[in-house]
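Okay, thanks for making time, everyone.

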Amino acid sequence: MAMAAPVHASSVTRISSNKSAYPLSSLYRPSSLALSHTLSLRSTLRRRMVAAAAAAATTAIESEPRSNSAAPSKSLPFRVGHGFDLHRLEPGYPLIIGGIDIPHDRGCEAHSDGDVLLHCVVDAILGALGLPDIGQIFPDSDPKWKGAPSSVFIKEAVRLMHEAGYEIGNLDATLILQRPKLSPHKETIRLNLSQLLGADPSVVNLKAKTHEKVDSLGENRSIAAHTVVLLMRK
């Protein structure tokens, strides 16, 4: 039987004695090219996920039916709305406030009759109901509203209010103008506004302020109004 040739120790590769030649960590260290590719892939996936989420949200918003229905999205015992309006005063126009023609040398330049108080009240009611503002429901781009009395807008706002199941709790309005003085006309304006709203005069309040001769309001170049309204469920 043939004997195997002896193996000399010098011919064996001594791996264990040369650990530092091939460190273990080097076997798992990614190359700079592989690392760059991984980071790029992650960034691309993240961008695609964000874009997909944004597209889904946009689709959901666009698919929601939009309506001018008076039914609020949530039934509440009361709702609060705020309205604001401002018009430029120019010679040759009537000054109509709260449906009352006020003697003055200039009036509101507007698409309709420019009644700043009624416009403001309409916006307050629409806001309380969670509906679009007066400019969206009665756009000045529509010729049928040219010169229209603002009582038309008030009647529509009141109709929407009742349709939604609400009535006026109380209303507080402030007119801001330098001239003319409204003291002689305030009560007439307030009573007419109450009648247009179908509300008891005791729940309708009207104040008038000057603007201390500051900016266009104080220089008799414009007129503004603020209104806060509380709607109560019937």
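Two housekeeping points before that. This is a predicted model, where local features need pLDDT of at least 70 and side-chain atom pairs count only at pLDDT 80 or more, while totals for chains, interfaces and linings use all residues. Residues are numbered from 1 along each chain as its sequence is written, and side-chain values use heavy atoms, with hydrogens and water left out.

Okay, the overview. We have six helices and seven strands; a helix here is a DSSP run of H or I of at least four residues, a strand is a run of E of at least two, and both are numbered from the N terminus. Read from the N terminus, the order is α-β-β-β-β-α-α-α-β-α-β-α-β. Of the 234 residues, 34% are buried. For that word, buried means under 20% relative accessible area, exposed means over 50%, and partly exposed is in between, with a 1.4 Å probe and protein chains only. The protein exposes about 14,800 Å², and carbon and sulfur atoms supply 57% of that; areas come from the Shrake-Rupley method with a 1.4 Å probe, and for residues only the protein chains shown count as cover. And if you take contacts between residues at least 6 apart in sequence, 74% of them join residues at least 24 apart, where a contact means heavy atoms within 4.5 Å.

Now the sheet. In what order do the five strands of the open sheet sit? They go β4-β1-β7-β5-β6, with mixed pairing. Two strands count as paired if DSSP finds at least two bridges between them. The edges are β4, at 107-108, and β6, at 204-209, and each of those pairs on one side only. Strand β1, residues 78-90, pairs with β4 in the antiparallel sense over two bridges. You can find them on screen: L89 has C108 as its bridge partner, and E90 stands opposite G107. On to β7: β1 and β7 run antiparallel too, joined by 11 bridges, and R79 is partnered with L231 there.

What packs on this sheet? Helix α2, residues 116-128, does, touching β1, β5, β6 and β7, with its direction at about 155° to that of β1. Helix α5, residues 186-197, lies across β5 and β6 and runs at about 140° to β6. Those angles are between N-to-C directions, from 0 to 180 degrees, using lines fitted to C-alpha atoms, for helices over the stretch in contact.

While we're on β5, have a look at Y166, which is in that strand. Y166 counts as buried because its relative accessible area is 0%. In sequence Y166 is 68 residues from K234, yet C-alpha to C-alpha they are 5.4 Å apart.

Next, charges. How many salt bridges does the structure hold? Eight, counting a side-chain nitrogen of Lys or Arg within 4 Å of a carboxyl oxygen of Asp or Glu. One of them joins D172 and K207, at 2.8 Å from N to O. D172 is in β5 and K207 is in β6, so this pair ties together parts that are 35 residues apart in sequence. Both ends are partly exposed, D172 at 28% and K207 at 27%. Another, R159 with E156, comes in at 2.7 Å; those two both sit in helix α4, three residues apart, about one turn of the helix. E219 and R221 also form a salt bridge, with their closest N and O atoms 2.8 Å apart.

R179 and P180 are joined by a cis peptide bond, omega about -5°, and P180 is in the loop between β5 and α5. Then there are two non-glycine residues with positive phi: D215, at about 50°, and N220, at about 60°. D215 is in helix α6, while N220 is in the loop between α6 and β7. Is N220 buried or exposed? N220 is buried, at 1% relative accessible area, whereas D215 is partly exposed at 37%.

That's my tour, so over to you for questions.
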